[in-house]
Amino acid sequence: MMGHSNSPDPLSGFRDGAVQTYNSRPIPLRDTHIDVRVRGGLAIVRIERTFRNTEAEPIEVTFTFPVPVHATLVGLTARIAGRLLNGKAERKDAARETYEAAIDSGHTAVLHEEALRGIHILSVAHIPSGVEVTVTSVWAQPLSYVPSGAYLRIPTTIADIYGRPPLADGDAPVNADVQYSANLAVACDSGTAFLQHGHLTAGQAVVTMDAPIDLHISDWQPRTLNGRSADGRAVQLDILPAAQLDGPLDVALLVDRSGSMDSKVDKRRTVHDVVREGLRAAEALLRPGDMLEGWQFDDRAERIAERGSNLQMIADALGAPRDGTEIGGALAKVIKETAASDVLLVTDGRSYALDVQSIARTGRRISVVLVGQDALEAMVGYLAALTGGQLFVASKAEAGEVVRAAIASLRAPARRPARHQEWPARLELQQAGMVIDARWTTEQEAPAGEEARVVGAVAASLVLPGLPEDVAASVAAAHGLVTHLTSLVLVDEEGDMQDTLPGRRVVPLMQGRRSSGTPARSSSGPSSRSFLDDGYQPKPMTIEEVLENWKVDWDSNPAALLRGEIKDAELGLVLLIRRNAKLPEVIALANAMSLTPVQAAIGLVAGVVAKNNRGARRIEAQLLKDAPADLLQSAMEVLKGLVG
């Protein structure tokens, strides 16, 4: 059960009847509860979210949010009309098909999937009017460790990121001028948890969701965790602080100097200043034989200190913050031009421009220090994991200490994730200042219970990167994991069925604390034109050209589109669809389908963009799923060849 605070409801001031200021729609997210249990060196985090539909028609809620890049999503449940349903792990495409089939049939369904390593998407479809659905996700990860102690960061925001997100249509994180709070409960089996930006009373607090939840664990004692693998074997998991080693350093230090690094830590220092201070303080860590060189980057990368320099020289050579963030290009240039075996990247991670797989294939170990409350772990954290490097996440004030810890970690020999043809009996790796040791055996009885299942699932996740893809997918599905290969999905077969497509409602993230990001905007333009209006004629162009210039909102009110209404379209597209509806081929298709010509035209236009738009794909499927093939082909051909 969740440990809920007795504090006043943190959302009471803005939930019922509250709207998103940029589109005047009700906020479906009603409540959030976060329960953290620290067992040995493992944090088990349960996040319970309640979504409520206050609109007149059924809705689909989608929420794209950050998770720690080393987190393992191990469970999904939903409470719907008093029924508790458990998620089932399926291959990613199959889970999406199960979810879409539930939407087509009118059933309430929940899908939890990984968009990128470090970014997840929670979708809840067909929430009926006036109904609440409570979804609980469970993830676990080892604590991180620096010399000052163990810590856990739960990210809640993602800043405005440079570049185009490598995500499907409409799945990128959205920030908006909204307010969320959560009831937080924390319990440790040893030591004491402290909330960095707040205070825990009897292990509980109300936190706002505009900054990460940073928990520090003092007097923590490691212990062996006992678990159960999906195949019934006993699992033992040890998580211990990594020993300080004496190997020489051979490092190219790459420091972000983009404009976002100029944000304030306090009245006199920026993030960039704190990083400099950390480099200077880490000079005491250097030993004879260490080899370092310095680089900095914004929109481009440049060497600022030759091989053989020290940290003081690198710190002094760093230029003031400016311009944007081009992480991928900077890493590629450094790898091409340096002989160093290690690259240590210090950044706030605000760039999607990173080809993770290509850089990982270069054979260099990439370690990362991510600085800031809304740093993006997704891209660079995954790169560190693939190359055998470590990821350290720091608040702005802690950046100096964490930089020192990251430099010290590079004295350990480079060891890329091992490849396995079969499941190993033992696996050991380093991660964020910890050594993680997992062992599987049939020589002792495996314990039962939820904690044992979670320990077994976390241990299994450590093996996945080294297994062939088909084997890894089977292992992930057996352990109920959300990965790049598998998702968790559930369908409420017993609930009331809806008779139309749900309107899609994107739950935005709260703006990061002191963020100046621009709220998302709803579509605009002359959208109230009737199909029956004559008047302006669009200039000649093909349907593909039209759809590059005018957009249809396929998600917000699909029921209206299915009825033949297109109030949210641009004027030119409205006129084009009106003309399409008069074509003999379209009329013939409409008559065969018992549709109006306008409905048939909407279905055809949806088909043009369905490949890249999930909402359009649903509209096309609903309107034209039983269309005679010859009539559909004839109508589509004339549509695509039509000039305005």
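Biologist: Is Ile-327 buried or exposed?

Modeller: Buried means under 20% relative accessible area, exposed means over 50%, and partly exposed is in between, using a 1.4 Å probe and protein chains only. Ile-327 has 1% relative accessibility, so Ile-327 counts as buried. Before we go on, this is a predicted model: local features need pLDDT of at least 70, side-chain atom pairs count only at pLDDT 80 or more, and totals for chains, interfaces and linings use all residues. Residues are numbered from 1 along each chain as its sequence is written, and side-chain values use heavy atoms, with hydrogens and water left out.

Biologist: Where is Ile-327 placed?

Modeller: Helices (H or I, at least four residues) and strands (E, at least two) are DSSP runs, numbered from the N terminus. Ile-327 belongs to helix H4, residues 327–337. Between Ile-327 and Asp-355 there are 9.6 Å in space, C-alpha to C-alpha, and the two are 28 residues apart in sequence.

Biologist: Which residues touch the most other members of the largest nonpolar core?

Modeller: A nonpolar core is a set of buried Ala, Val, Leu, Ile, Met, Phe, Trp, Tyr and Cys residues joined through side-chain atoms within 4.5 Å. Here the largest has 118 residues, and Ile-34, Val-36 and Leu-331 touch the most other members. Helix H8, residues 450–463, gives the most to this core, with 8 residues. Another core, of 41 residues, lies apart from it, and Leu-576 and Met-636 are among its members.

Biologist: Which helix holds Leu-576?

Modeller: Helix H12, residues 571–580, holds Leu-576. Its relative accessibility is 3%, so Leu-576 counts as buried.

Biologist: What is Thr-50 in contact with, leaving aside its neighbours within four places in sequence?

Modeller: Contact means heavy atoms within 4.5 Å. On that basis, the partners of Thr-50 include Pro-28, Arg-30, Glu-132 and Thr-134. Thr-50 sits in strand E2, residues 42–52, and is buried at a relative accessible area of 7%.

Biologist: How many bridges join strand E23 to E24?

Modeller: Two strands pair if DSSP finds at least two bridges between them. E23 (residues 365–371) and E24 run parallel, joined by 4 bridges. Val-369 stands opposite Phe-392 in E24. In E24 (residues 391–394), Leu-391 and Val-393 point one way, Phe-392 and Ala-394 point the other way, and all are buried.

Biologist: How do I read two packed helices?

Modeller: You describe them by the angle between their axes and the distance between the axes. Axes are lines fitted to C-alpha atoms, for helices over the stretch in contact, and angles run from 0 to 180 degrees between N-to-C directions. Helix H2 (residues 271–281) packs on helix H7 (residues 399–409) at an angle of about 45°, with axes 7 Å apart. That makes H2 oblique to H7; angles under 35 degrees count as roughly parallel, over 145 as roughly antiparallel, 65 to 115 as roughly perpendicular and the rest as oblique. Among the residues making the contact are Val-274 and Gly-278 of H2 and Val-403 and Ile-407 of H7.

Biologist: What about phi?

Modeller: Most residues other than glycine have a negative phi. Ala-202 is not a glycine, yet has a positive phi of about 55°. Ala-202 lies in the loop between strands E14 (192–195) and E15 (204–208), and is exposed at 77% relative accessible area.
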